[in-house]
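Please consult the sequence and the coordinates shown here while reading.

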Amino acid sequence: MVESLPVLLKGTLVTIELTLAGLTLGLVIAIPVSFFQVYGARVPRLVCSIYERTFRSIPLLVLLMLIFYGLPEVGIKLEPFFACVLGLGLRSSAYQSQIFRGAILSVGKGQSVAALSLGMTRFQVFRHIVFPQALRFSIVPWTNELTIVLKDSSMAYALGVVELLRQGSYIIARTYEPMLIFLLCAAIYLALTIFANRILGFVEKKLRIPGFETREVVH
């Protein structure tokens, strides 16, 4: 069984790459989507809302199949890894957009009004005042999204990406010990989740805005 650990480690590295790439793509898309949902005119706001609801409604496995098998029909062929990154990123962007939208709305409107009265444009207000605070507010819910994307990366198995779960299946085919291997895979996912939550928890404490801590309301 010891010789199987390096194989599982290789799959774990691919799982981490999928997770980070999917989250990064989702973040890049989610920020402008959340901006237009809050500050956009009617048409951009409607388009972003349709985008967000569409990709939140499609199961990830179906989305991966549509990307991997559907895009070649229009002349776009992606390698399984990149197809999975695209699917994870699109789906995550829909959820991340709502995280950032809520975080943006959590910033006091008085700050925006004051900045606009000083002559700043709406985009400058967002960039220099609202967005830095919204990023801090979004760390806790974004941690949950990281955990979800990490677990959803196992769906890459369906497209043949040799990530943690597929490496485990290869080992099972040789050792005929499915329970032990699946328990090891589960333990690795658990360890990755705990480690990521600890790291982001530390970041959240470091970037916490004094005076905005959650307090118990006594009636």
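The sections below take up the basis of the model, its salt bridges, its cavity and its cysteines.

## Basis of the model

The model is predicted, so local features need pLDDT of at least 70 and side-chain atom pairs count only at pLDDT 80 or more, whereas totals for chains, interfaces and linings use all residues. Residues are numbered from 1 along each chain as its sequence is written, and side-chain values use heavy atoms, with hydrogens and water left out.

## Salt bridges

Two salt bridges are found in a search of the whole structure; the term denotes a side-chain nitrogen of Lys or Arg within 4 Å of a carboxyl oxygen of Asp or Glu. Helices are named here from DSSP runs (H or I, at least four residues), numbered from the N terminus.

Burial is judged by relative accessible area: under 20% is buried, over 50% exposed, and in between partly exposed (1.4 Å probe, protein chains only). E52 is buried at 3%, while R56 is partly exposed at 36%.

The other salt bridge pairs D152 with R91, at 2.9 Å from N to O. D152 is in helix α7 and R91 in helix α4, so this pair ties together parts that are 61 residues apart in sequence. D152 is buried, with a relative accessibility of 19%, and R91 is likewise buried, at 18%.

A cavity is a set of points, on a 1 Å grid over the protein atoms alone, where a 1.4 Å probe fits but cannot get out; lining residues have an atom within 4 Å of a point. The volume of the largest cavity is about 30 Å³, counted as the space filled by probe spheres set on the points, which are joined across faces, edges and corners.

Its lining consists of L60, L88, R91, S92, E145, V149 and D152. Helices α4 (80-106) and α7 (139-152) each contribute at least two of the lining residues. By class, the lining holds three nonpolar, one polar and three charged residues.

## Cysteines

How many disulfides does the model contain? The count is zero, where a disulfide is a pair of cysteine sulfur atoms within 2.5 Å. The cysteine sulfur closest to that of C84 belongs to C185 and is 17 Å away, too far for a bond. C84 is buried at 1% relative accessibility, and C48 is buried at 10%.

Methods. 1 Å grid on protein atoms, 1.4 Å probe; cavity = no way out; pocket = protein on both sides within 12 Å on 5 of 7 lines; lining within 4 Å. Nonpolar A, V, L, I, M, F, W, Y, C, P; charged D, E, K, R; others polar.
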